Each structure stands twice: as structure tokens, then as C-alpha cells.
Amino acid sequence: MFHSTPQNFSLGSLNWTEQQPSQKDKSEKGSTNYDIQDDASENDEELVPSKPICDHSDWRSDICNMTGDVRTKGYNSSSIFFIPRVHTLVPKEQEWRINPYSQKMYTYFINYVTVKQLRGPQDAPICTVHSNSPAILLSLGGPSGNIWHDFTDVLIPLFLASKPFKREVQFMISSYNQEFVDKHSLILKDLTRYEIINFDQDKEVRCYPQMLVGLLNHRDFGIDPDRAFDRFDMFKFRLYVRNVYSLPREISIPYRTDPHLDKKPRLMLILRSTSRKFLNQEEVVDIITNNGFEVLQVEPKKSDNLTELSKLVDSCDVLMGIHGAGLTNIVFLRTNAVMIQVIPFGGSHMNNAAHGYYDRPAQEMKLRTLDYTITTEESSLLDKYGWDHPAVKDPEAVAETGWQDRQKYYWLEQDVRLNVTRFQPVLVKAIELLKG
């Protein structure tokens with residue numbers, strides 16, 4: 001239920017206001033009646049011009065933020081109808097086509113939503129389900145299902161939008177994905193106490209006093225405290241995730257808490273079976289073991305039980321892998337644990353991705369980071385194309401040709417044969433960090 005005292009929550013450049021329905025908005029039985037709205041022209045109070053409810057200006061996210069009379073029609077329509085509060089002057093009806101996925105650059109597997117601002121309730125569908133709580137409409141299309149995108153595009157933005165409501169908010173999902181809902185059920189259930197609605201299949205006309213369509217996406221796997229409620233940041237988000245998964249509260253890394261003198265630090269080696277995999281995996285495991293680590297080899301899969309995986313990651317002092325989605329599991333590490341990222345060949349393009357996608361987020365989470373950038377000789381591209389091919393000879397020039405070529409060569413076709421002698425100092429440094 002809404003608090004009796006209005007509370008404003010900043011969502012980037014938008015504000016949600018929790019507010020009790022006025023007596024005009026209540027039926028004789030005490031429930032909110034959204035089917036009746038006073039004709040503003042019959043009131044003596046001064047009319048207030050309506051403000052834009054949808055914003056396409058953010059380069060990442062489309063957002064619509066509505067407070068008043070909001071009605072949904074999902075099945076065979078994908079439409080939201082908004083009737084402003086009484087005494088609001090609406091010069092004409094307006095309509096927006098919204099991509100509800102938090103990164104609007106992704107358009108595949110996306111069901112767009114039409115948001116219509118009406119002049120009055122006469123053209124709106126009749127409510128069949130009423131709610132006194134707000135709602136958030138989001139999409140699980142695009143690349144969600146990849147754990148990095150799950151957190152970057154869905155879980156972090158949804159957390160920032162919904163957490164201030166203390167579970168008093170309902171989620172409506174377009175491009176619904178049951179596997180995603182099941183996999184991340186602990187976080188979703190922590191954020192809402194209500195049933196999650198499959199918007200595309202929903203035949204009800206649901207009516208809400210507030211609704212947010214779309215989610216603000218601050219940056220890759222990150223939070224901008226200046227745009228978040230209570231200046232929330234990635235360090236607090238990691239602690240939040242650990243709490244949801246019932247991991248120990250702030251205690252030292254496992255290596256420092258174990259009483260046994262012969263305890264070895266534990267390193268989780270993230271493996272990949274497709275592109276960007278280790279071609280000399282056994283040799284890599286041997287060099288890690290010979291440098292004093294206990295090695296735990298893990299190949300994350302979409303079907304993983306995150307409760308079990310989170311406990312496994314929590315038991316480790318170091319998480320190591322080639323740049324890729326598996327490194328997202330650093331959210332389950334303890335403070336001052338170490339992430340070792342092996343950066344594939346690809347020039348500044350790959351270096352920038354490694355920093356933006358993982359190094360910066362890890363550092364904001366108060367983890368330590370070590371990078372190892374492979375040489376040309378360690379990349380399978382050299383064996384495949386030879387020294388004279390542009391992808392090998394001049395990755396900067398290839399990067400300038402666009403994402404298609406960058407993805408083809410450096411993300412999809414490349415594997416790594418690690419030079420373990422050259423790599424060894426990274427392991428020595430990791431031990432030093434763990435002991436320091």
C-alpha cells in the first residue's frame with residue numbers, strides 16, 4: 001500500500017511519487033475507481049498543462065513515467081492507456097512507440113509497446129483488475145539469458161526502479177521468459193510480493209495509479225550513484241545480492257578465515273566451450289596449481305542453479321577467466337577477493353570492453369582486479385589467418401569498420417593459447433594481494 005505521506009524516489013531524471021488516492025478516486029466500497037474521472041472543464045480550479053510522460057532522449061533507454069489513471073491491454077494490443085489526473089489540461093491525444101528493453105539498441109525479440117495519453121476516460125478500455133500499487137513494465141527480449149545481460153540490462157535497472165517501493169510494486173513482463181524468471185526468482189521475489197504478469201498474454205485490463213514503462217540503464221554492469229536512490233552503488237549492490245542468496249555477511253576472504261596453516265587460496269577457473277576458450281586448458285591448470293592455488297574448474301551454463309553456484313563462488317578467493325559472461329559471477333565474491341581477466345587479442349577495442357564490462361564494476365564492488373592481455377602469438381587468429389591478414393596485422397583498423405567485423409574476429413572466432421610462462425607473474429601478484 002502507498003504510504004500516507006508522499007515519498008519521492010529519484011530514478012535518473014524521473015521521479016516517482018507515492019501518494020494516497022484522493023477521496024474522489026475511491027468508490028463506495030473503498031477501492032480505487034479508475035473508470036470515473038471528473039470533467040476538468042466543470043471545475044473551478046485552474047488547469048495545469050500536462051507534462052510529457054515519455055522520454056526518448058536517453059541514448060540507452062526509452063522511459064514512460066505515468067501517475068494518474070493507467071490502464072494496460074497486453075494481449076493482441078501491447079498498449080498502455082494513460083488518463084492524466086483531474087485539472088490537467090491535455091491539448092490533444094499523444095502516442096509513443098516504446099522499446100521496453102533497457103538498452104534500446106537491441107531490437108530483436110522485442111515486442112514494442114504503444115503508450116497512449118488520452119484526453120479523458122471515455123476512449124479507454126474498462127478496468128477488469130484494480131491495483132493500489134504501482135507497476136513496472138519491462139522486457140526480457142534482446143540478449144537477456146546471457147548472465148551479463150541479465151544483470152546489466154534487467155536485474156540492476158529493475159532493482160534501482162523497484163527497491164524503494166519495498167515490494168509494493170507489480171512487474172509486467174513483455175517478451176516473457178520463464179527460464180529467466182525461475183533462474184533469478186530470489187531477486188525477483190525480494191523486489192515484489194505480487195504475481196509477475198506475462199504482459200503479452202494478459203487478457204485483463206489492469207488499472208494502476210502509477211506505472212513505469214521501460215527501465216533506466218545507467219551503464220554497462222554498473223550503477224551511477226548520482227542517478228540512483230540514496231546514492232546506491234555497485235558495492236552495495238554486491239552486498240545486496242549476497243544477502244538475497246544467503247551468503248555470509250561482510251567477512252574476510254576464505255583464505256584468511258581458514259585456521260589451517262597449510263590452507264591454499266582457492267581459484268575458480270571459468271571455462272568456455274565455444275569462442276574465447278583456453279586451447280591449452282591442462283597447461284593453464286598446471287601453472288595455477290604449481291603457483292600455490294587450489295583450482296576449481298567451472299563452466300557456467302544457463303541452466304545453473306544460482307543458489308548453488310553462488311555458494312561455490314563465495315568459497316573462492318580468486319575468480320579467473322577469459323573476457324566473457326562467466327566473469328559476471330564476481331557479484332558472489334567477498335570484499336577484497338581478486339578477479340583475473342584474460343583479455344583476448346583485439347587492440348583497444350578489447351581492452352576498453354574488458355575495462356568497462358568487468359574491471360570498473362569489480363573495482364566499484366571493492367574487489368581487486370588483475371588483467372592479462374594476450375599477445376598476437378597467443379591468439380588462434382594468427383594460426384587461422386596469418387600475419388598479413390588485417391584482423392591480425394591491424395586490429396585498430398578492423399575495429400573502425402564496425403561492430404560486425406569486431407564481433408566476427410575478436411569475439412566469435414578467437415580462442416586463446418595462454419603463454420603460461422608469461423602469465424605466471426599475474427599469479428604471483430594475486431597471491432601477494434591475498435596475503436596483503
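A: The following account describes the disulfides in turn and then a serine in the loop beside one of them.

The model is a predicted one, and it holds 2 disulfides. When the bonded cysteines are numbered in sequence order, they pair as 1-2, 3-4.

Cysteine 54 belongs to strand S4 and cysteine 64 to strand S5, and the two are 10 residues apart. The torsion about their S-S bond is about 110 degrees, and the disulfide is therefore right-handed. Both cysteine 54 and cysteine 64 are buried.

The other disulfide is formed by cysteine 127 and cysteine 207, whose sulfur atoms are 1.9 Å apart. Here the torsion about the S-S bond is about -100 degrees, so this disulfide is left-handed. Because cysteine 127 sits in the loop between strand S9 (113-117) and strand S10 (129-130), while cysteine 207 is in strand S14 (residues 205-213), the pair ties together parts that are 80 residues apart in sequence. Cysteine 127 and cysteine 207 are both buried.

Serine 61 is found in the loop between strand S4 (54-55) and strand S5 (63-73). Serine 61 has a relative accessibility of 1% and therefore counts as buried. A polar atom of its side chain lies 2.8 Å from the backbone oxygen of serine 102. Leaving aside residues up to four places away in sequence, serine 61 touches Asp55, Ser102, Lys104, Leu215, Leu216 and Asn217.

How values were computed: Residues are numbered from 1 along each chain as its sequence is written. This is a predicted model: local features need pLDDT of at least 70, side-chain atom pairs count only at pLDDT 80 or more; totals for chains, interfaces and linings use all residues. Side-chain values use heavy atoms; hydrogens and water are left out. Helices (H or I, at least four residues) and strands (E, at least two) are DSSP runs, numbered from the N terminus. Buried means under 20% relative accessible area, exposed over 50%, partly exposed in between (1.4 Å probe, protein chains only). A polar contact is a pair of N or O atoms within 3.5 Å; within protein, one must be able to donate a hydrogen and the other to accept it, and residues adjacent in sequence count only if both atoms are side-chain atoms. Contact means heavy atoms within 4.5 Å. A disulfide is a pair of cysteine sulfur atoms within 2.5 Å.
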